[in-house]
Amino acid sequence: MKGAALPGAPGSEAHLGGLRAAFVWGIGVTVYFTAITYRTSLGVAGIDAAERFDINASALSTFSILQLLVYAGMQIPVGLLVDRWGTRKVLLLGIVLFTTGQFAFALSGSYAMALAARALLGCGDAMTFISVLRLGSRWFPARRGPLIAQVAALFGMAGNLLTTLVLARVLAGAGWTPTFAGSAALGVVVLVLVLLFLKDQPEGAAPEPARAPEPVHEHGYVRRQLAAAWREPGTRLGMWVHFTTQFPGMVFLLLWGLPFLVEAQGRSRAEAGNLLTLVVLSNMVIGLVYGQVIARHGGARAPLALGTVLATAAAWAMVLLWPGQAPSWVLVVLGLVLGACGPGSMIGFDFARPANPPERQGTASGIVNIGGFTASMTTLLAVGVLLDATGGDYRIAFASVFVLQALGTVQILRLRGRAQRRERERVVASRVEAVHVPA
């Protein structure tokens, strides 16, 4: 009698990878690229939005807070849907929602209509990244999971690069409605690509794990999926890693970076745009490095995550404590360090992935993804409220970053050992099951 083959063993993954996998996965990544372009479009239009809708800092932050609130609130439902429906159906629904939201934002003439548009956009955006993670796990060998996830995030940041390099300039020249309406055309293109070419898994792949017979809205199924994923220390550790690492860079790129650089640091819009671009480029380079390191040395995950938090806190402290306006080299250092926030947050998925079986990957990824976006929402709100309360003192407003970093670091240190012990136990059990026993 023979033991069960290990997931990811060479024999069980012989059909995975190759040009066909790269093509199909690339379509999913293009959807994510588009969603990131729409998500971050407000980051270069914050000052324009404040003028267009005649709103203060707190009201401006509400745009991004609502968008991320919807995004975070949708993560677990989306994870459950991905586990039940597969990637293609969820991505199609997401494309329709975020494209409609971007077009509605272009036509918004009132603050209320613009808020509704950003909420719709956030709902569609929420359906992309978990779907792309699952697509990668079905088309590529498990050993390449960390690198595939980081590369997906890299292409997502390319969407942010498109925002800072192209959308900002188009907005300055063409105006609000043509810019946002024109960008919605990209959503139509990716919708066609998904309809024509995307498949959930390759031919010859192992069948999807058996699913419970009850419908996805049945409370028993939902409760079991969530409870099983949450019981794993790796899932909880992944969530707190995502929480602690992602939000400083997200808040900077999504909304407050441009106003901070222009209003507090005295930079021109062009200079501020270049610094935002630097954050994105740094993110892309560091993402490749992190992915390669973790794929080869799984033990590097926690040190890299904690190192990212420490470096981010140090960079912000240097900028905020600098007497007067910080010199250019200090802001460049901040931009380079903030570029590590996105890759650092991806490490959270690398803790949750081995802790959960394939049929629970979407749910676990949803729990992890809630972390960073909850922290980002909290900080966006805190910065806006503190700016209004202090008459625009960015030093006090951005000091809120340290509070959430401290909270998250404590949780990472608390869960780290437990998750690592559980992971070692699982590896030992898998090796025992794979042993061939003579008949």
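A search of the whole structure finds 22 aromatic pairs. Rings of Phe, Tyr and Trp (its six-membered ring) pair if their centres lie within 6.5 Å; planes under 30 degrees apart count as stacked, over 60 as edge-to-face and the rest as tilted. This is a predicted model: local features need pLDDT of at least 70, side-chain atom pairs count only at pLDDT 80 or more, and totals for chains, interfaces and linings use all residues. Residues are numbered from 1 along each chain as its sequence is written, and side-chain values use heavy atoms, with hydrogens and water left out.

**Aromatic pairs**

- Phe53 and Phe63 form a tilted pair, because their centres are 5.7 Å apart and their planes stand at 50 degrees.
- This pair links distant parts of the chain, 10 residues apart: Phe53 is in helix α2 (residues 46-53) and Phe63 in helix α3 (residues 57-85).
- Helices here are DSSP runs (H or I, at least four residues), numbered from the N terminus.
- Both Phe53 and Phe63 are buried, meaning under 20% relative accessible area (1.4 Å probe, protein chains only).
- Phe260 and Phe398 pair edge-to-face, at 5.1 Å centre to centre and 70 degrees between the planes.
- Phe260 lies in helix α11 (residues 233-264) and Phe398 in helix α17 (residues 394-398), so the pair ties together parts 138 residues apart in sequence.
- Phe260 and Phe398 are buried.

**Aromatic cluster**

- One aromatic cluster is formed by Phe53, Phe63, Phe105, Tyr111, Trp176 and Phe180.

**Gln361**

- Gln361 lies in helix α16 (residues 361-389).
- Gln361 counts as buried because its relative accessibility is 16%.

Terms used. Helix = DSSP H or I, 4+ residues; strand = E, 2+ residues; numbered from the N terminus. Buried < 20%, exposed > 50% of the residue type's maximum accessible area, 1.4 Å probe, protein only.
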